[in-house]
Amino acid sequence: MAQERIYLDHAATTPMRPEARLAMIEGFDLWANPSSPHAEGRKARAMLEEARERIKASFDWEGELIFTSGASEALEIGLGRANAERQIVSSVEHDAVFRAAHDATILPIGKDWIVDRNLLSDTLASGSKAVVAVQHMNSETGAMQPITEIATQVREAGGILISDCSQSAGKHRLPDADIIVVSAHKLGGPVGIGALLVRDLGMLKPCGGQERGYRAGTENLPAALGFAVAVEARGISTETVGEGMSCQSIAGQADWLMTPGYAFVDIQYDINRLGGAFQLSPSHWSDFSILSITMPGVSASAQLIHFDAAGFAVSAGSACSSGTLKTSRTLLAFGISESDARNTIRMSAGWNTSYNDIIAFSQAWQKIASTASGTS
């Protein structure tokens, strides 16, 4: 019998929850264009608006919600149509942010892996009104930014803060940002739908079309229904990762990474040289559902081959750039050396990850580390 594979690439996409799939089937059975005036269209519209309100309620969001085709489109709308004259983005944002804001001023990350707040203040004060993009959780390291504090800073300067919450939504409460980006397929919903949560629609320039005139295209009712169910099923928690498994329990399995000679790349720890001591950082933290791990002497590409053969789905960098075979831009921006970044893979857990999956991964990592150094 073939060995059952273990999926640990949830930061790229999470398998759809069964209940979300059933909700989508219902949407297809009752499908009609929500903008049509006939009875079927009106029923579809009612279902779409109900899904909108359910998602807002689950996220405890009192502002507006614009359905999009995913996080990338949401970022394009939020950054490209914000009522601001310039764009400022952190250096560790997802590639979709840089595509949407290719002329933006880039904010570096400090040694504590947090956006340089002093430079942010100087940048905000040095020009016209800005829209500022700072992610809530990084998709490669799990590092989290202090969005509430950053939001206060941006608002005091008259700017607008947009936060990409694609990785944190459904795991943590949404931060206090003006505009928030959410992706359904990162939390157990369908691909092809996301949401732009906007505190006040006056922050955006309308374009006409659907979604209150802020997005063109027919609304995807079946996906919206699946999205709503996935958010409700996932719930909002600051502890849970997977069913009944906590961030702390995943962190506890990281002890094996503290063997001399290996580096655990995570915001919780100061990364000294390989083999050095690990010191818990008292002021910053991360979500342990996403771990970037360096295996000295073994390239990320070689590791992926070994893990895939051993039955594990993991990745190197974000899914949008992992096929390029380039060193992760994000890890370099976090201050990881190029040599360490080349030897780093990402393990990311999700709603159906079990405690035994983490144990099995840690055992496989140790085995590969002890045998694969000559294959990279």
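Within helix H11, which spans residues 338-342, Glu 338 and Arg 342 stand four residues apart, or about one turn of the helix. In this predicted model, their side chains meet in a salt bridge, with a distance of 3.7 Å from N to O. Glu 338 has a relative accessibility of 45% and counts as partly exposed, and Arg 342, at 44%, counts as partly exposed as well.

Because Arg 329 belongs to helix H10 (residues 329-333) and Asp 95 to helix H4 (residues 95-100), the pair ties together parts that are 234 residues apart in sequence. Arg 329 itself is partly exposed, with a relative accessible area of 32%.

A further salt bridge brings together the side chains of Glu 219 and Arg 45, at 3.1 Å from N to O. Glu 219 sits in the loop between strand S8 (194-198) and helix H7 (221-234), whereas Arg 45 is part of helix H2 (residues 39-58), so this pair ties together parts that are 174 residues apart in sequence. Glu 219 counts as buried, at 2% relative accessibility, while Arg 45, at 25%, counts as partly exposed.

Over the whole model, the count comes to 17 salt bridges.

Definitions and conventions. Residues are numbered from 1 along each chain as its sequence is written. This is a predicted model: local features need pLDDT of at least 70, side-chain atom pairs count only at pLDDT 80 or more; totals for chains, interfaces and linings use all residues. Side-chain values use heavy atoms; hydrogens and water are left out. A salt bridge is a side-chain nitrogen of Lys or Arg within 4 Å of a carboxyl oxygen of Asp or Glu. Helices (H or I, at least four residues) and strands (E, at least two) are DSSP runs, numbered from the N terminus. Buried means under 20% relative accessible area, exposed over 50%, partly exposed in between (1.4 Å probe, protein chains only).
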